[in-house]
Amino acid sequence: MIYLVALIFPPLALLLYGKIFQAIFNLLLYVLAWVVFVFSLFLGGSPGFVLWLVAALHAIFVINDVKKSARTANLPSGADRAR
């Protein structure tokens, strides 16, 4: 579900996971993507879509890293497994 939020509104997904500074950076990318998209409607290109895709991928990779770190932190250590 969080990955869907990351695709639709990436900064919100990062805020939900507590990544404030990365959410601010992502918000700048997201706003820039919309501004470029609006201005590129007249040009026929799609650089705004590419910027939006970069913002969404950034959010997805950060969320995936947070989840992976949480899974790694919950693994028992080698000393615990020996008992």
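In which helix is Leu12 found?

**Figure 1. Leu12 in helix H2 of the predicted model.** Leu12 belongs to helix H2, which spans residues 10-16 and has the highest mean pLDDT among the elements of the protein, 93. Because its relative accessibility is 38%, Leu12 counts as partly exposed. The C-alpha atom of Leu12 is separated by 9.2 Å from that of Ala59, a residue 47 positions away along the chain.

**Figure 2. Asn26, a buried residue of helix H3.** Asn26 lies in helix H3, which covers residues 20-40. Its relative accessibility is 0%, so Asn26 counts as buried, the cut-off being under 20%. When neighbours within four places in sequence are left aside, Asn26 is in contact with Pro10, Pro11 and Leu14, and also with Ala55, His58 and Ala59.

**Figure 3. Ala55, a buried residue of helix H4.** Helix H4 holds Ala55. With a relative accessible area of 0%, Ala55 is buried. Residues up to four places away in sequence not being counted, Ala55 touches Pro10, Asn26, Leu29 and Tyr30. For the pair Ala55 and Asn26, 29 residues apart along the chain, the C-alpha atoms are separated by 5.8 Å.

**Figure 4. The crossing of helices H3 and H4.** The axes of H3 and H4, the latter formed by residues 47-73, come within 7 Å and cross at roughly 160°. Angles over 145 degrees count as roughly antiparallel, and H3 and H4 are therefore roughly antiparallel to each other. The crossing in which H3 passes H4 is left-handed. On the H3 side, the contact is made by Gln22, Phe25, Asn26, Leu29, Tyr30, Leu32, Ala33, Val36, Phe37 and Ser40. On the H4 side, Pro47, Gly48, Leu51, Trp52, Val54, Ala55, His58, Ala59 and Val62 take part. The residues of this contact comprise 14 nonpolar and 5 polar ones, with no charged residue.

**Figure 5. Leu53 and Ala73, two residues of helix H4.** Leu53 is found in helix H4 and counts as partly exposed because its relative accessibility is 34%. Leu53 and Lys67 are 14 residues apart in sequence, and their C-alpha atoms are 21 Å apart in space. Ala73 is likewise found in helix H4. At 62% relative accessibility, which is over the 50% cut-off, Ala73 counts as exposed. A separation of 34 Å is found between the C-alpha atoms of Ala73 and Val31, which are 42 residues apart along the chain.

**Figure 6. Helix H5 and the confidence of the prediction.** Helix H5, made up of residues 78-82, has the lowest mean pLDDT among the elements of the protein, at 59. For the protein, the average pLDDT is 87, and 90% of the residues score at least 70. Where pLDDT is low, predicted coordinates should not be read in detail.

Methods. Residues are numbered from 1 along each chain as its sequence is written. This is a predicted model: local features need pLDDT of at least 70, side-chain atom pairs count only at pLDDT 80 or more; totals for chains, interfaces and linings use all residues. Side-chain values use heavy atoms; hydrogens and water are left out. Helices (H or I, at least four residues) and strands (E, at least two) are DSSP runs, numbered from the N terminus. Buried means under 20% relative accessible area, exposed over 50%, partly exposed in between (1.4 Å probe, protein chains only). Contact means heavy atoms within 4.5 Å. Axes are lines fitted to C-alpha atoms, for helices over the stretch in contact, and angles run from 0 to 180 degrees between N-to-C directions. Angles under 35 degrees count as roughly parallel, over 145 as roughly antiparallel, 65 to 115 as roughly perpendicular and the rest as oblique. A crossing is left-handed if the near helix is turned anticlockwise from the far one by less than a right angle, and right-handed if clockwise. Ala, Val, Leu, Ile, Met, Phe, Trp, Tyr, Cys and Pro count as nonpolar, Asp, Glu, Lys and Arg as charged, and the others, Gly among them, as polar. pLDDT is the predictor's confidence in each residue, from 0 to 100.
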